Amino acid sequence: IVKPADASDAFQYEGELVAVFGKRCRNVSKEDALDYVLGWTIGNDVSERSWQKSDRTLWRAKNTDTFKPMGPWIVTDLNPNDMETVIRLNGRETDRFRTNNMIFDAPTYISEVSKYCTIEPGDVMWMGTDGVPENMKPGDTVEIEISGIGVLRNSVVQGR
């Protein structure tokens, strides 16, 4: 993760479950939503909070190069209700939560989005996070672990 030179100290991680779609998905029911998911991976929704507050949109605060690392692989046949997310900053646990314990569970979220957006095979959908993230700085290592998937580990470096 490259921290841009003009980023503030409010530079944070967000550990998220990411759905990877295997079939075209449009206007699906909550009950059928997971039938369209090929598998699951881990995402770090890196956020620069001062940009998030000052910009009219989130394009820079959430989408700067290196701000959306995903991986380490895609795992099929997992149930989001059975997963737990653990986030560590420099080896210290900063958060632990039931992975599907978001404002909307994964099937509801997929169903609602599919009412307005056609989801194509290969598309990914980030499911959100829980808790309050801490600030990251160059030299830090962030680990996001989701049971059944593994660990996404990223180092933070200073950009120019």
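Here are a few questions and answers about a predicted model, covering its cavity and one of its sheets.

Q: How many cavities of 30 Å³ or more does a search of the whole structure find?
A: Rolling a probe the size of a water molecule over the atoms shows where empty space is left. With a cut-off of 30 Å³ or more, the search of this whole structure comes back with one cavity.

Q: How much space lies in the largest cavity?
A: Its lining includes Y13, E14 and G15, along with I87 and P133. As for the space inside the largest cavity, the figure is about 50 Å³.

Q: Which strands are the edge strands of the open sheet of four strands?
A: Strands of a sheet pair through backbone hydrogen bonds, either parallel or antiparallel. Here the pairing is antiparallel, and the order is β6-β4-β3-β9. Two of these strands pair on one side only, so the edges are β6 (70-75) and β9 (124-126).

Q: What is the bridge partner of V20 in β9?
A: Strand β3 covers residues 15-21 and runs antiparallel to β9, with three bridges joining them. On the β9 side, the partner of V20 is V124.

Q: At about what angle does helix α3 run to β9?
A: Helix α3 takes in residues 106-114 and lies across β3, β4 (37-44) and β9. Relative to β9, the helix runs at about 120 degrees.

How values were computed:
Residues are numbered from 1 along each chain as its sequence is written. This is a predicted model: local features need pLDDT of at least 70, side-chain atom pairs count only at pLDDT 80 or more; totals for chains, interfaces and linings use all residues. Side-chain values use heavy atoms; hydrogens and water are left out. On a 1 Å grid over the protein atoms alone, a cavity is a set of points where a 1.4 Å probe fits but cannot get out, and a pocket is an open set with protein on both sides within 12 Å along at least five of seven lines; lining residues have an atom within 4 Å of a point. Grid points are joined across faces, edges and corners, and a volume is the space filled by probe spheres set on the points. Two strands pair if DSSP finds at least two bridges between them. Helices (H or I, at least four residues) and strands (E, at least two) are DSSP runs, numbered from the N terminus. Contact means heavy atoms within 4.5 Å. Axes are lines fitted to C-alpha atoms, for helices over the stretch in contact, and angles run from 0 to 180 degrees between N-to-C directions.
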